[in-house]
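Here is a short report on salt bridges, helix packing, surface and backbone. Please look over the sequence and the structure first.

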Amino acid sequence: MEAFSVEELARTSDDTVVRRRFDRRNRMWFVLLLLFFVLVCMIEIGTSTERDAVEKQPYIAVANAAIVAVLLLVMLDTRRLHRPPKRFSYTAVTRLVRDHVTAVMIGWAIVQNILVISFVHDRDAWMAWAIVFPFLFIAVRLIPAEAFLMHGVFFAVAVVRALLSGMPLPHLVGAISATAVTNLGILGIVLVLSRRMRKELVDDWTLRRSQAREQLRMRDELQFARELQTSMLPDATPRVDWLDISAVSLPASEVGGDYYDYFEAGEGRLAIVSSDVAGHGLASGLVLSAFRGGFVLLRDALGDPGYVLTRLDDLVAHTSRKRMLVTAAILLLDRDKHHAAVASAGHPPILFRHGDSVRAIEAFAPPLGTRLQWNVPRRELTIEAGDVFVLHTDGLYETLNVHGEAYGLDRLMQTMRDHEMTSAESLRDAIVRDVETFRGSVEQADDITVVVVRV
């Protein structure tokens, strides 16, 4: 069966697929028949007698051989339609023949039958051809109208030839009866085999088409979920004159499990949150939607990040009977107090650059949703102008290269040290570029989110 895209599988009708499959089989058999008739023409030319020359039969055989040879070259050229073009090609004719191969074969079969039956003078010879010719097409697959047309013409040509031959009535009746039985028998076999193949194709195609339509439906739903999940991420960074913020989230599938956002927590205070639902895909996106809703409802309490994460732990634990885990970190920055607070629940450590040094702000705790009793760890530090924070998800430092090596926190921290800090956006781009260079040709396995905050 030819390779089809999901869209083609979903919209292609039964008749179209049957036609394509019949044509594919008939194309192969057509080439074999052409090779056979090239040989027949060569034999006729080589064994022509003086009487044949007077009646111009060799010239007919030569002309027929030329027609058959050209058709054979065109049929062989159909195999090259999807290959780089050569210096000479019958491209237009080839495409026409390929798209209507069964019709071309039937037309050629009728013409070939007329030539063979009409220009063979020996009664036994043309009678033999009239009987043998239908058998040559027993392997083709035709719809009923095509089969009746071809074998009907075969029978009609034989009847006309018998009537014009002047043979005695008993021989005439025998010849017509023999050709009638032969063509009816072959016609019946072709119709039965073609119907059986059509049924197998339709049964297989019905299943494949339903699967393709289901894939399209799921893809549309995933696309909608992806758009919904993307809409939950902030459109732009908050406009505050004391912070330079830049962020990016790169999902590994249609719907990501990473989330980041910004919330004002009072005058001169901004909370930056980063979270990661275990895994990625539609299920993660659904949990993430509920999780983001929890942040929105608790935004007035973000002055106490530990309290917010405790409440969100209850939310995640009771969102679904199936246990889902979410890691999260909150960075609360206070402009007036020159103060930063970090609370984390199983999230990768926030990286902090002060001057030329870079360190990880560790806050070990289980993820949200474990249904364990625990206290959210909290870290406090003083901030100055020029300090930089990097929030990220584990998809970044767990990125693997072609050798199976992980990107790691050390390399991320080194990138922060080496970067000439001109803006948050420039550092964000440098980190993403370094990760992509490290990964090389390896497919991204997990969602990657990076949030850079420069005081």
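## Salt bridges

A salt bridge here is a side-chain nitrogen of Lys or Arg within 4 Å of a carboxyl oxygen of Asp or Glu. The model is predicted: local features need pLDDT of at least 70, side-chain atom pairs count only at pLDDT 80 or more, and totals for chains, interfaces and linings use all residues. Residues are numbered from 1 along each chain as its sequence is written, and side-chain values use heavy atoms, with hydrogens and water left out.

The whole structure holds 14 salt bridges. One of them pairs Asp15 with Arg198, with the closest N and O atoms 2.9 Å apart. Asp15 belongs to helix 2 and Arg198 to helix 9 (residues 169-232), so this pair ties together parts that are 183 residues apart in sequence. Helices (H or I, at least four residues) and strands (E, at least two) are DSSP runs, numbered from the N terminus. Arg198 is partly exposed, at 32% relative accessible area. The exposure classes are: buried under 20% relative accessible area, exposed over 50%, partly exposed in between (1.4 Å probe, protein chains only).

## Pairs within helix 9

Arg208 forms a salt bridge with Asp204. Their closest N and O atoms are 3.9 Å apart. The two residues are four apart in helix 9, so about one helical turn separates Arg208 from Asp204. Arg208 has 22% relative accessibility and therefore counts as partly exposed. Asp204 is partly exposed as well, with a relative accessible area of 34%.

Glu214 and Arg217 make another salt bridge, at 2.4 Å from N to O. Both lie in helix 9, three residues apart, about one turn of the helix. Glu214 is partly exposed at 35% relative accessibility. Arg217 is partly exposed at 38%. Elsewhere, salt bridges that share partners join Arg19, Asp23 and Glu146 into one network.

## Contacts across the sequence

Val6 sits in helix 1 (residues 6-11). With 24% relative accessibility, Val6 counts as partly exposed.

Ile106 is part of helix 6 (residues 101-118). Is Ile106 buried or exposed? Ile106 is buried, because its relative accessible area is 6%.

## Helix 13 and helix 14

Helix 13 (residues 408-418) and helix 14 (residues 424-439) have axes that come within 10 Å. They cross at roughly 140 degrees. Axes are lines fitted to C-alpha atoms, for helices over the stretch in contact, and angles run from 0 to 180 degrees between N-to-C directions.

Helix 13 and helix 14 are therefore oblique to each other. Angles under 35 degrees count as roughly parallel, over 145 as roughly antiparallel, 65 to 115 as roughly perpendicular and the rest as oblique. The crossing of helix 13 and helix 14 is right-handed. The near helix is turned clockwise from the far one by less than a right angle in a right-handed crossing, and anticlockwise in a left-handed one.

## Surface patch

Met42, Ile45 and Val62 form a nonpolar surface patch, with about 230 Å² of accessible area together. Patches are made of residues with over 30% relative accessible area and no salt bridge; like charges are joined within 9 Å, nonpolar side chains (Val, Leu, Ile, Met, Phe, Trp, Tyr) within 5 Å. Areas come from the Shrake-Rupley method with a 1.4 Å probe; for residues, only the protein chains shown count as cover.

Ile45 lies in helix 2 (residues 14-46). At 31% relative accessibility, Ile45 is partly exposed.

His338 is not a glycine, yet has a positive phi of about 50 degrees. His338 is placed in the loop between strand 4 (326-334) and strand 5 (339-345). Its relative accessible area is 46%, so His338 is partly exposed.
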